[in-house]
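Q: I want to learn how to read salt bridges in a model. Where do we start?

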Amino acid sequence: MKAAMRAKDSARLLTVRLLLAAMKQKEVDERVELTDADVLAILEKMIKQRRESIAQFEKASRQDLVDKEKAEIVVLSAYLPQRMSDAEIQKEINSIISETGASGPKDMGKVMAILKPRLAGRADMGAVSSLVKAKLSA
């Protein structure tokens, strides 16, 4: 936040302030100290909200707001861990399926329950879900 203030980067400063406010709000609401997993969950939630807003703004032909939301996503994404490649995700999915002995679509919940904490913040869970579903259906 201080670096954004010194650089007079108002867009970045605003986004960082929003993130810090969301973190503080969760700490106050739940009366807990946030863990790294909690912060990742907040970041992912905020990015998801921005993506949904972009879709709505594009429908309304509001390019100025679309650009603002995309800029916020870039700032928020900088605080996420390194994204996993598709090959790494496939490898992780295959290892979990073999660990759990999952054999069909009925076992998808079991596989996703183990995958979610391992891939949190490093992969799009919607895409991972569809990959697991395809793998278990085959």
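A: Start with the cut-off. A salt bridge is a side-chain nitrogen of Lys or Arg within 4 Å of a carboxyl oxygen of Asp or Glu. Here, the side chains of Glu92 and Arg118 meet in one, at 3.0 Å from N to O. Keep in mind that this model is predicted.

Q: Which helices hold Glu92 and Arg118, and how many residues apart are they?
A: Glu92 sits in helix α5 (residues 86-100). Arg118 sits in helix α6 (residues 108-119). They are 26 residues apart, and the pair links distant parts of the chain.

Q: Are Glu92 and Arg118 buried or partly exposed?
A: Apply the cut-offs: buried is under 20% relative accessible area, exposed is over 50%, and partly exposed lies in between. Glu92 has 19%, so Glu92 is buried. Arg118 has 35% and therefore counts as partly exposed.

Q: What is the confidence behind this reading?
A: As a general rule, where pLDDT is low, the predicted coordinates should not be read in detail. For this protein the mean pLDDT is 89. A value of 70 or more is reached by 100% of its residues.

Q: Where is confidence lowest, and where is it highest?
A: Helix α1 (residues 2-6) is lowest, with a mean of 84. Helix α4 (residues 63-77) is highest, at 93.

Q: How many salt bridges does the structure hold?
A: Ten. One of them joins the side chains of Arg50 and Glu69, at 3.9 Å from N to O. Arg50 lies in helix α3 (residues 36-59) and Glu69 in helix α4, so this pair ties together parts that are 19 residues apart in sequence.

Q: Are Arg50 and Glu69 buried or exposed?
A: Arg50 has 10% relative accessibility, so Arg50 counts as buried. Glu69 is also at 10% and counts as buried.

Q: Which residues are linked in a network of salt bridges?
A: Read the pairs together. Arg50, Lys68, Glu69 and Glu72 are linked in such a network. Within this group, Arg50 pairs with Glu69, and Glu72 pairs with Lys68.

Methods. Residues are numbered from 1 along each chain as its sequence is written. This is a predicted model: local features need pLDDT of at least 70, side-chain atom pairs count only at pLDDT 80 or more; totals for chains, interfaces and linings use all residues. Side-chain values use heavy atoms; hydrogens and water are left out. pLDDT is the predictor's confidence in each residue, from 0 to 100. Helices (H or I, at least four residues) and strands (E, at least two) are DSSP runs, numbered from the N terminus. Buried means under 20% relative accessible area, exposed over 50%, partly exposed in between (1.4 Å probe, protein chains only).
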